[in-house]
Amino acid sequence: MQIAHMASGPTQKFGNAEKFAAAIQAGKPGTQNLYFDWTQALAIEDMWRHGNPLSYPGEPTPAVRAHMAGLLRRLGPDRILYGTDMPLSWNLRPREWWTRTVLPLPLTDDEIKNIADNVPPYVHGARAQGER
């Protein structure tokens, strides 16, 4: 199961994702096949060019970035799927989104590479069967 927007969206309030992380760490039933997409999971300055600027939570502080890195580790970097809501004209291009949201996180090079290389298992299965 893929959980959109890291179960939180760009609000910089990660309570839902924290609950998933606790369940995963406790080995709760049903968590072995959970995946989380990074789509708009961390707000950045240019994100709300099209929307209501009053709803924008602000550029992530170093503390928010550190909290997100810890959360990614608790969820498991192998469960994080990079995603975007592109090609909406008001969104940043995928490479810029990656550069502005993932690379500034205090993650190791191996953790970043792991996230970059992740492919959901349902896509692996489709490829193996010659679909899509």
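Biologist: I would like to begin with helix H2. How many residues does H2 have, and what span does it reach from its first C-alpha to its last?

Modeller: Happy to start there. H2 has 14 residues and reaches 20 Å from its first C-alpha to its last, close to the 20 Å expected at 1.5 Å a residue. Please keep in mind that this is a predicted model.

Biologist: Which residues of H2 are buried?

Modeller: First, the general idea. An α-helix has 3.6 residues a turn, so residues three or four places apart point the same way. In this helix, the buried residues are Val64, Arg65, Met68, Ala69, Gly70, Leu71, Leu72 and Leu75.

Biologist: And what covers the buried residues of H2?

Modeller: The cover includes H1, S2, S3, H3 and H4. Just after H2 comes glycine 76, which takes a positive phi of about 105°.

Biologist: Could we step back to the whole chain? How many helices and strands does the secondary structure come to?

Modeller: There are five helices and three strands. Along the sequence they follow the pattern β-α-β-α-β-α-α-α. Of the chain's 132 residues, 42% count as buried. If you take contacts between residues at least 6 apart in sequence, 73% of them join residues at least 24 apart. As for the surface, the chain exposes about 7500 Å², and carbon and sulfur atoms supply 55% of that area.

Biologist: How should I read the nonpolar core, and which residues have the most contacts inside the largest one?

Modeller: In soluble globular proteins, nonpolar side chains tend to be buried together. Here, the largest nonpolar core has 27 residues, and those with the most contacts inside it are Met6, Phe36, Trp38, Met68, Leu72 and Leu75. The elements giving two or more residues to this core are H1, H2, H3 and H4. H2 gives the most, with six residues.

Biologist: What is methionine 6 in contact with, leaving aside its neighbours within four places in sequence?

Modeller: Methionine 6 is in contact with Ala17, Phe36, Asp37, Trp38, Ala41, Met68, Leu72, Leu75 and Ile80, once those neighbours are left aside.

Biologist: Now the aromatic rings. How do I read a pair of them?

Modeller: A pair of aromatic rings is described by the distance of the centres and the angle of the planes. The count for this structure comes to two aromatic pairs. In one of them, the rings of phenylalanine 20 and phenylalanine 36 have centres 5.5 Å apart and planes at 70°, so the pair is edge-to-face. Phenylalanine 20 lies in helix H1 and phenylalanine 36 in strand S2, so the pair ties together parts 16 residues apart in sequence.

Biologist: Is phenylalanine 36 buried or exposed?

Modeller: Phenylalanine 36 counts as buried because its relative accessibility is 0%. Phenylalanine 20, at 27% relative accessibility, counts as partly exposed. In the other pair, the rings of tyrosine 82 and tryptophan 98 have centres 5.0 Å apart and planes at 90°, so this pair is edge-to-face. It links distant parts of the chain: tyrosine 82 is in the loop between strand S3 and helix H3, and tryptophan 98 is in helix H3, 16 residues apart. Tyrosine 82 is partly exposed, with a relative accessible area of 26%, whereas tryptophan 98 counts as buried at 15% relative accessibility.

Biologist: Finally, which element has the lowest mean pLDDT, and which the highest?

Modeller: Where pLDDT is low, the predicted coordinates should not be read in detail. Helix H5 has the lowest mean pLDDT (64) and H4 the highest (95). Over residues 127–132, pLDDT stays under 50, and the model has two contacts beyond four places in sequence for them. The chain averages a pLDDT of 79, with 72% of the residues scoring at least 70.

How values were computed:
Residues are numbered from 1 along each chain as its sequence is written. This is a predicted model: local features need pLDDT of at least 70, side-chain atom pairs count only at pLDDT 80 or more; totals for chains, interfaces and linings use all residues. Side-chain values use heavy atoms; hydrogens and water are left out. Helices (H or I, at least four residues) and strands (E, at least two) are DSSP runs, numbered from the N terminus. Buried means under 20% relative accessible area, exposed over 50%, partly exposed in between (1.4 Å probe, protein chains only). Contact means heavy atoms within 4.5 Å. Accessible areas come from the Shrake-Rupley method with a 1.4 Å probe; for residues, only the protein chains shown count as cover. Rings of Phe, Tyr and Trp (its six-membered ring) pair if their centres lie within 6.5 Å; planes under 30 degrees apart count as stacked, over 60 as edge-to-face and the rest as tilted. A nonpolar core is a set of buried Ala, Val, Leu, Ile, Met, Phe, Trp, Tyr and Cys residues joined through side-chain atoms within 4.5 Å. pLDDT is the predictor's confidence in each residue, from 0 to 100. The expected span of a helix is 1.5 Å times one less than its number of residues.
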